[in-house]
Amino acid sequence: MAKSQNDQNDQQNCINLNVPSPEEVRNILFSNSNSKPPVFSDNWSATALLTPFGGLDAQSPLSSSDELVVARIYYNAVRPDHRYLRVRLYLLESLLYYDFLFETNNNQTSWFWLVSDPKDPRPNQVKKAFGPYPTTVQVPTTTFLHDKGFSYIGTWKVVNRRCHGYCAAGPQNTPGTWFSFLRKSNKLSRIMNVNNTNDFNIPVLGAYYLVNFLTIKKTNKKTKWKRIKCKPTSGNAPSPMVNPQDILTAMANPPKGASQVRCRPKNIAAVIPGLHFPKSQPKAPVWTNQVHSICYMMGQDAYPYHCQLYYDYTVNKAQVTVFVSQQKPGNYDTRTDLLLPRGRRGPEFSYEWNKLKSQWQASCHIPDAGAVAMPVPNFVQAGNGRCRAVINNPYFGSRKVTIWSVELTSPRRANFWFWFNDQQQGIVFSVAPATSLTMIDYQTFVQNPSFSPSTFNDLTPSLPECKLSKAEIQKLLFTLEGSF
């Protein structure tokens, strides 16, 4: 019997890209239920790598505003109403060293400019102290995540380690901060701040785009944390110490009687072994001509999207990116496929889950939805990318990791940040500050796969145009950042 026209259309509109069902996506993400936000220890120390937001060079008081920063961090909340956070910062490229202490006492916070030895890791060693200066930031409580309404949003690999994720919306319901905790140990692994406004008023750590924790351990509660004794400093505070610009302003303007302190590469290597800024730029990583990846994307919603990437630069000369997101909160019930033909903009296809047939079914399309054509395999080099760090440290799950930045100047100023392993496989793809995509955590990265030609079919002739409101179209359209 000949197939009906409807059956033929159904077959054409349901290309098998092995996209999981809404239930499967949720089951994969929530395979390890961990709904309660963790409580921080009341006394701990940590080492971390801080990634700045981009776009500040033009107004930065420092020669480099977007270099990576290595940090030693000390936290104490043994007395819940009298908390301390000390952050010692080593600038990777300019080799400057800063030491800031924040003290929150009965919800009032002061900060201090400390002069200390960058070689000495002891949490209480201080040569001089300047302050106190007022600030509106608050040293977090041990129950910070619960108090601020953070919710469990799934478990996936973050820099090659499975982590539980928590997110809370900031002002105007924007996702301000994402916390990741290692699944096995429940130790803090990464903080991601979507906005550069420090939505949750966390000292220093809320002013950087990413904070990747390499070590975090409890410290002895008997360690003496006393108020820094110093003579009150006359004059205005160097900075309110809230947002990224404030941090840079403080770094460039030591208080009277203080000065900037230099550090050495070996001081940085003592904090994060195996990390260094390359003396000469290594060869930029290049995608193979065919790439397939399953990943999780963090956009402007307070949950991760399930994503699948099909990239074929030479044979099929197109890219398809599949996004599975939520229309109804908690349900991954919306699918959007973006087709990017090589050399031109492409359409976007909307799918609905057909429960009776247990399959995704294309319903409509938006013509020329992609902001750009598919990227070239050497997009790092093509964007004049700079290697900002080389890391040989087992924490990152690879023999060598390189971190690259590409400046974005139009239509706004930001930085793309790319992390690659020694096999030129992507680990992280991100942009900050972001208007759409902010982060892609690659779960798989397969080089040189073979694709069925049907993977890249253009369904436009068989689908009507989507009849959507302006607001719905804006939500569906993925800009340059989302095209990867």
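Modeller: This is a predicted model. Let us begin with Asn18, which counts as exposed because its relative accessibility is 60%, above the 50% cut-off. Asn18 is located in the loop between helix 1 (5-13) and helix 2 (22-29).

Colleague: What is the phi of Asn18?

Modeller: Most residues other than glycine have a negative phi. Asn18, however, has a positive phi, near 55°. Lys317, likewise not a glycine, has a positive phi of about 55°. Lys317 lies in the loop between strand 15 (304-312) and strand 16 (318-325), and with a relative accessible area of 43% it is partly exposed.

Colleague: Which residues are joined by a cis peptide bond?

Modeller: Most peptide bonds are trans. Here a cis bond joins Gly131 and Pro132, with omega about -5°; Pro132 belongs to strand 6 (residues 128-135). Another cis bond runs from Ala432 to Pro433, with omega near -5°, and Pro433 is in the loop between strand 23 (426-432) and strand 24 (439-442).

Colleague: Where is Trp360 found, and is it buried or exposed?

Modeller: Trp360 is in strand 19, and it counts as buried because its relative accessibility is 5%. The side chain of Trp360 reaches the backbone oxygen of Pro20 at 2.9 Å. Trp360 and Ser21 are 339 residues apart along the chain, yet their C-alpha atoms are separated by 7.5 Å.

Colleague: How many residues does the largest nonpolar core have?

Modeller: In soluble globular proteins, nonpolar side chains tend to be buried together. The largest nonpolar core here has 96 residues, and those with the most contacts inside it are Leu49, Trp287, Ile403, Phe418 and Trp419. Strand 22 (residues 414-420) supplies the largest share of this core, six residues. Beyond its neighbours within four places in sequence, Trp419 is in contact with residues including Leu49, Val159, Phe396 and Ile427. A second, separate core of 53 residues includes Tyr75, Ile191, Val204 and Phe213.

How values were computed:
Residues are numbered from 1 along each chain as its sequence is written. This is a predicted model: local features need pLDDT of at least 70, side-chain atom pairs count only at pLDDT 80 or more; totals for chains, interfaces and linings use all residues. Side-chain values use heavy atoms; hydrogens and water are left out. A nonpolar core is a set of buried Ala, Val, Leu, Ile, Met, Phe, Trp, Tyr and Cys residues joined through side-chain atoms within 4.5 Å. Buried means under 20% relative accessible area, exposed over 50%, partly exposed in between (1.4 Å probe, protein chains only). Helices (H or I, at least four residues) and strands (E, at least two) are DSSP runs, numbered from the N terminus. Contact means heavy atoms within 4.5 Å. A polar contact is a pair of N or O atoms within 3.5 Å; within protein, one must be able to donate a hydrogen and the other to accept it, and residues adjacent in sequence count only if both atoms are side-chain atoms.
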